[in-house]
Structures are given as C-alpha cells and as structure tokens.
Amino acid sequence: MEKLEIIGRKKLSGTISISGSKNATLPILAATILTNKKILIKNIPIVRDVETMVALLNTIGSTVKLNKKKKTIEILNKKKLKTLAPYSLVKTMRAGVLVLGPLLAKYGSAKVSLPGGCSIGSRPIDLHLNALKKMGAKINVKNGYIIASAKNGLKGSLIKFPKISVGATQNILIASCFSKGKTKIRNCASEPEVQDLIYFLRKLGCKIYQIGKRSLDVEGIVNLKPCVHKVIFDRIEAGTYIIAAALTNGRLKIKNIDPKIISTEINLLNKMKVKIIRKKNYIIVTSAKKIGAIKVDTRPYPGFPTDLQAQIMVLMTQSEDISTIRENIFENRFMHVSELRRMGANIEVVGNRAKIYGGRQLNGAELMATDLRASVSLVLAGLAAKEKTVINRIYHLDRGYEQIEKKLSACGASIRRLK
Ligand code: EPZ
C-alpha cells in the first residue's frame, strides 16, 4: 500500500495552480446522461473519483473519452444507455447516486446501488428518494439496490427540501430539466458546485430560473444542445493550500481561482492573522508570525465548508490560544483528531464540538488516513511537524487531490510517495 513521507518545517514558497473542482465535475458528468449531443468538458481534475464516474458512465454505455493530458472529457451518447449502476462502482464513491435522477428522467427507470455507509457519517439519501417520489417515481429498495420507475416520465412538482443537501439539490435539478412541466425546488443548496451545474445545464438549453437564494424553478425540455464547459476551480483545494502556506510560515501565490467565491474562508483566515492579498484570479498568502485563535461553525455555503474543517483544525493547533469548531454538517467528522493527538496536539471533543488548545509543537509520527479531508489534514500537520511523518492508506487522498506531492514539492516541501 502506498504511503506518503513528509519531513516537516520547510517553508513553502512559489506558485500553486488550483485544479478544477472534483465536486463540480461529478454532477456535471452525471447530467450528461440527459443528452445525445456532443459535450466537451474542460479543466477536469485527474483524480480517482472522476475516473470512477467515467468508468460508471462507460459501464452504462456512454462513450466517454478522458484526456488526462489536456484535462478534458468528451462525451457522446450514441445509443440508449443501460439503466443499471452497479455496486462495484457506487460503493467506492457516493456521488454515483447522482446518476439516479438523470436515468429516471430520461429512460423512465433506473436500478442504482445504494451507496452504503461512510466514515464521516451515515449519509442517508432519503431527500433524493422522497423528492423523486413526489415527481411521480415508484421506488423500492431491494437487495442493496434502489429500483425506481416512472413509466410516463417524471412530472414537474413542488419540492421543498426539509434540509439543505448538495447532492439532493443536484440530483433533482438534473432530473427536473427532463421532466414534464415545471418543477419548483425550494431550500436548495447554493454551493458554487451547484451553481456550476446550473451554468452547464443552461448551456445544454435547460430552462432554470434562480428565484431567490435557495429557490429554483425549472421548466422541463427534451431537446438539448451540444456544449463546451469549463469546470469551476476547486475551492477546497485552494483553502487547503492557503492553510499550508500559513502553517509553514511561507509565501504562496495561489492561482486559477476566484477569490470572491472563497471570501468566507479568506475573511476567517484573516481573523487568524493570515495575510492574504486578493487579486482578480489569484491570491498571495503570507503567514502571520503568530496565528490567532478563532471559533468556526461549519455551515452550508456561503458558510464555512465542512470539507475544510479538518484542515483549519491543524492551523488552530498552531495558534496562540484556544479555538473551537462546531461541525454542523456530518455527525462523525472528527476522525483526524486521534491522529493529530498522536502528533502532540491537544484537542478535546464533545459531540460535534472540538476545543483546540493552541501553542503545541507537532511532532512527526506514523499515521493512518481515514477519509479524503482527514487525510489532507494529516499532510498539513506533517508539513508543520518536527521531523518525519509517514501517512498510510493515502488512496483516500488520491480520490480528490490532483498531484498533491508534485504541487507541494515544487514549492519546497519535502514530501514523497513510498510504494
Ligand atoms: C457533498 O456531499 C460533497 N460531495 C461532500 O464532499 C460535502 O462534504 C457535502 O456535500 C457537504 O458540503 C460531493 O459533492 C460529491 P449533503 P453530499 O447531501 O451531497 C444529510 C468531499 O470530501 N442528508 O449536502 O453527499 C447528510 O447526511 C465530500 O469532497 C440527509 O439527511 O452532502 C448531511 O448531514 C465529502 N439526507 C447533510 O444532509 C439526504 O438524502 C448534507 O449532506 C442527503 C443528505
């Protein structure tokens, strides 16, 4: 099993180019099920989850060409697709469930593996299923599969989500574009990745009207257009490298981003005394001599993202005082804490709250990665720690960070992959 070895306390300096967003690419790929026209998607991050979604689309009969060098995907659905999304692919990536809405809307039936448990929480899909039922689908769950049908197609409806969900918003949004009549979607997620999906769907010709901050009206259509789309930057990758610069007392230019989209994160890091100069499509991060303590609550966008919670916690261990985190999105997202403690961090956890005592020197250790963001937090801790850190099970990291060792070592980090 591959490992990462990091020798810490090297100042980072240089430029890091941010990749396209994994979490924007996945729903866009799922949405291509709706069309038989030629689609070209640019700025694709070459990470495992994207490869899994490409494999899933190929399995159901789509012609998907991933050009790793150009970072593009070309799609042309020449024939009717199969409507079975097998366990072998959905089990490794929960976003596989995003093919349910489009398959059902286009073909009137779908059999999609239930995604199963997840290390960060139970992650149910009731919001997806209840909304599809409201749109006329018959849904049974049997032998680990969601078996859904809508013989006469899905019909427009009023969908009021009882809770904000990124995936359910995306699944229902895609399905409603191909449903009969008008769908009103309320209490939607407004993450930039949902916004990027809306831009993509509009390029296909879909009629989506943004009524308010969390309200969308969609008029179903059947004739879609070919399109070219460039995926939005990965805001979580950008946030991760800002924290890397701050932790190593370095200076990084972080480019190919839109600072406005990450203003919550930038403002919060400013409060921690991290200096960030904002330009149109890049920022320059120089860290403070002393990191300030802070209180963070994870919230749906435009709140502070849960996907950056583990990373900010590492920075908090290096602050002058006591910081706190309240994780409001997932019930079990503190798995990195026990590994950070093994490096010398002093962190108390009660329920969904963590209290981080700053001013502790981190020391290198042998660690185990658990999920994607927990894994990258250990990389950050390793960059700040004295001596050597070895991180096991880094396949989690490869699901969502493109060429992380290459990007960091080009800026002076001592990091290498051990096979
Ligand atoms: C997306 O997951 C992201 N994944 C996650 O990123 C991210 O952490 C999450 O949104 C929150 O921002 C992708 O975009 C592929 P949710 P998603 O539905 O859509 C509950 C990463 O590291 N819920 O917004 O699955 C759920 O349990 C990943 O890149 C229900 O109760 O998240 C959670 O508490 C991890 N019923 C909350 O809603 C449902 O039917 C928000 O989850 C659906 C969700």
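Let's start at the ligand, where one of its oxygen atoms sits 3.0 Å from an N or O atom in the side chain of Asn-23. That makes a polar contact, a term used here for a pair of N or O atoms within 3.5 Å; within protein, one must be able to donate a hydrogen and the other to accept it, and residues adjacent in sequence count only if both atoms are side-chain atoms. Asp-307 also takes part, with a side-chain N or O atom 2.6 Å from a ligand oxygen. Arg-333 places a polar side-chain atom 3.3 Å from an oxygen of the ligand. On its own the ligand would expose 840 Å², and the protein buries 87% of that (areas by the Shrake-Rupley method with a 1.4 Å probe; for residues, only the protein chains shown count as cover).

Before going further, please keep in mind that this is a predicted model, in which local features need pLDDT of at least 70 and side-chain atom pairs count only at pLDDT 80 or more, while totals for chains, interfaces and linings use all residues. Residues are numbered from 1 along each chain as its sequence is written, and side-chain values use heavy atoms, with hydrogens and water left out.

Now step back to the whole shell. The ligand is surrounded by 22 residues, and the closest include Asp-126, Ser-165 and Arg-373 (a residue is near a molecule if one of its heavy atoms lies within 4 Å of it). By class, the shell has 10 nonpolar, 5 polar and 7 charged residues (Ala, Val, Leu, Ile, Met, Phe, Trp, Tyr, Cys and Pro count as nonpolar, Asp, Glu, Lys and Arg as charged, and the others, Gly among them, as polar). Helix 5 gives the most to this shell, with 3 residues (helices are DSSP runs of H or I with at least four residues, strands are runs of E with at least two, and both are numbered from the N terminus). Domain 1 (3-18 + 234-418) and domain 2 (22-230) both contribute to the shell, so the ligand lies between them; the domain bounds come from an automatic or database domain assignment.

Helix 8 (residues 235-247) is worth a look too. All 13 of its 13 residues are buried, so this helix is largely enclosed by the rest of the structure (buried means under 20% relative accessible area, exposed over 50%, partly exposed in between, with a 1.4 Å probe and protein chains only). At its start, a side-chain oxygen of Asp-234 reaches to within 3.0 Å of the backbone nitrogen of Ile-236. Just after helix 8, Asn-249 takes a positive phi of about 55°.

Finally, find Ser-323 in strand 19 (residues 322-326). Ser-323 counts as buried because its relative accessibility is 0%.
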